[in-house]
Amino acid sequence: MSTASAAPEYPDKIDGAVLKIAGVVVIGAIMSILDITVVNVALPDLQTTFTGADNPLPYSTVAWTVTAYTLALATVIPLTGWAADRFGTKRLYMLAVALFTAGSVLCAAATSINMLILFRVLQGLGGGLLMPLGMTIMTRAAGPKRMGRLMAILGVPMLLGPILGPIIGGWLIDHYSWHWIFLINLPLGLIALAYAAWALPADSPEPTESFDFIGMLMMSPGLALFLYGISSIPEEGTFFSAKVLGFTIVGLALLVAFVFYSFKPKHPLLDLRLFSNRQLTIATITMFIFAAAFFGGLLLVPTYFQQVRGESPLDAGLLVAPQGIGAMLTMPIAGALADKIPVGRIVPFGLVLIVGGMFAMTQIDGSTSYWGYIIPVLFVMGLGMGATMMPIMTSAIKTLTHHQVARGSTLLNITQQVASSIGVAIMSVVLTNGLKNDKLVSQAQGFHEATKGMTDPAQIQGVLPKFPEVAQILATATPTTAQAKLTEAVSQAMGKVFGNTFWVAAILVALTLIPALMMPRKHEESHFADDDADGVPPVLMH
């Protein structure tokens, strides 16, 4: 068996050579993921940054700072497999870090929300290459027997993002300004570039595949237009607006055309033939539903703490931290178990914890106890996350051949980013419409606008009949307690809207259990060394 003899040998334990390479990948992934969670905390602040406190931007507008980033990530990810073969993983990885760092500096220099959104796109183009490239580099370095523990190492950014992102972002916003949530990437980027230049072995790329220009002309614009349409739903308030339908249908048409076309060329931009691997297909479906539900719901938590409970960005970040701590406890355990037992016996247990947590979050309101309810729930959801995400990725990658890893990583990452964008759009529109349709919340906002600048009580009383829900609250209050009573009532109403929005996330996570129960429950052999006669690609090891 010539193929078997050519296959690289891997030790059973995670050795120093892999850890050295893992350090590079983890720093890059931290930069990419940290920036998503940091910006989540900054959204309420960004609503007033460019227009002033008296004229805040709509939440759906500033949410584009998150959406534009994930949109750019998803658009560039399909190019990763080809570019890695063409230029080599080391060169491409360093280029991605440099692009991400430059985009971060430009974001900090933005003078308008539109400029910030534009520079977030540039930042996302670099960030989109980091995760699939990192997965490819580490998978080739570690081999199949250490895949679960490898994914647990790669999961470190998944932990540090939810823990450190909101805390660092909140502290920087409270003590300095929003600019520093982007400027912090400058020293990280320089460290990552220097570390990558030292730790990653030199590339000797020998490109054997021609670039699929026709596929690119369908896939990347189609993906961008589709996600733009979907992401416009919160702003438009309905799926049936001309803007949403127009972009979504055109994008979807291009994507469908790409699917039919992709089976013709020998080396398509996105290799959908990999879905003939049943394990990869089931893992991808599971990842899609899970990412849409979990990451969409993740956006709601810091926003609830700030908008409903009036917490500062720093305090909101600290309150979200238990979720990451929970994941930190279970992810190494799940990674070790994934190397020994089938992931179909691990993932459903993690999902049950998340489902329970999401359904528990549907019961929150404007005064729900932090330590008695919300923090334990977030901790349980974190435990579930640590036992879910990395084992799903392990299941998908484990049965691919060595040469398929870059393509498989690309499929997984694009699935996660598309799902995240859809999840954020769904949660944003449900929340926005819920707040708009709540009579007290909408009337309180109208009352505030109508009485802005008024000091005469008689004038204010004259406006009240237009806002009966507000009038009902104020009728039972004294002049000294009126504002506090109205604020409390509005907070309770807003809290219930957030709770209702979590129903959508909870149901989606529950649906994830269906494909998860189809994941392998018996041992399956790795096909990592089963490359064809062309030989095994060089392994990134010292």
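A74 sits in helix α4 (residues 64–76), where helices (H or I, at least four residues) and strands (E, at least two) are DSSP runs numbered from the N terminus. With a relative accessible area of 0%, A74 is buried; buried means under 20% relative accessible area, exposed over 50%, and partly exposed in between (1.4 Å probe, protein chains only). This is a predicted model, in which local features need pLDDT of at least 70 and side-chain atom pairs count only at pLDDT 80 or more, while totals for chains, interfaces and linings use all residues. Residues are numbered from 1 along each chain as its sequence is written, and side-chain values use heavy atoms, with hydrogens and water left out.

**Around A74**

- Along the chain, A74 and Q416 are 342 residues apart, yet their C-alpha atoms are separated by 8.6 Å.
- Leaving out residues up to four places away in sequence, A74 touches L223, L227, I414, Q417 and V418; a contact means heavy atoms within 4.5 Å.

**The whole chain**

- The protein chain has 24 helices and zero strands.
- Of its 542 residues, 58% count as buried.
- The chain exposes about 21500 Å², and carbon and sulfur atoms supply 67% of that area; accessible areas come from the Shrake-Rupley method with a 1.4 Å probe, and for residues only the protein chains shown count as cover.
- Take the contacts between residues at least 6 apart in sequence: 83% of them join residues at least 24 apart.

**The nonpolar cores**

- In soluble globular proteins, nonpolar side chains tend to be buried together.
- The largest nonpolar core here holds 129 residues, and Y93, F305, M358 and V470 touch the most other members; such a core is a set of buried Ala, Val, Leu, Ile, Met, Phe, Trp, Tyr and Cys residues joined through side-chain atoms within 4.5 Å.
- Helix α15 (residues 278–307) gives this core its largest share, 15 residues.
- Apart from this core lies another one, of 27 residues, including A42, I113, I173 and L299.
- To see what surrounds M358, set aside its neighbours within four places in sequence: M358 is then in contact with A293, F294, G297, M381, F502, A505, A506 and V509.

**Two helices that meet: α5 and α6**

- Two packed helices are described by the angle between their axes and the distance between the axes.
- The axes of α5 (residues 80–87) and α6 (residues 89–108) come within 7 Å and cross at roughly 120 degrees; axes are lines fitted to C-alpha atoms, for helices over the stretch in contact, and angles run from 0 to 180 degrees between N-to-C directions.
- α5 and α6 are therefore oblique to each other, since angles under 35 degrees count as roughly parallel, over 145 as roughly antiparallel, 65 to 115 as roughly perpendicular and the rest as oblique.
- On the α5 side, T80, A83, A84 and F87 meet T89, R91 and L92 of α6.
- The residues of this contact divide into four nonpolar, two polar and one charged; Ala, Val, Leu, Ile, Met, Phe, Trp, Tyr, Cys and Pro count as nonpolar, Asp, Glu, Lys and Arg as charged, and the others, Gly among them, as polar.

- R120 belongs to helix α7 (residues 113–142) and counts as buried because its relative accessibility is 0%.
- Not counting residues up to four places away in sequence, R120 touches D35, V39, T65, V66, Y69, C107 and F182.
- T388 lies in the loop between α18 (370–386) and α19 (389–398), and T388 is buried at 0% relative accessibility.
- The contacts of T388, again not counting residues up to four places away in sequence, are F290, V347, G350, L351 and I354.
- T388 and A334 are 54 residues apart along the chain, with their C-alpha atoms separated by 8.0 Å.
- G335 is part of helix α16 (residues 313–338), and its relative accessible area of 4% makes G335 buried.
- From C-alpha to C-alpha, G335 and T394 are 8.5 Å apart in space and 59 residues apart in sequence.

**A partly exposed residue**

- I184 lies in the loop between α10 (180–183) and α11 (185–199), and at 24% relative accessibility I184 counts as partly exposed.
- I184 touches I168 and L172, not counting residues up to four places away in sequence.
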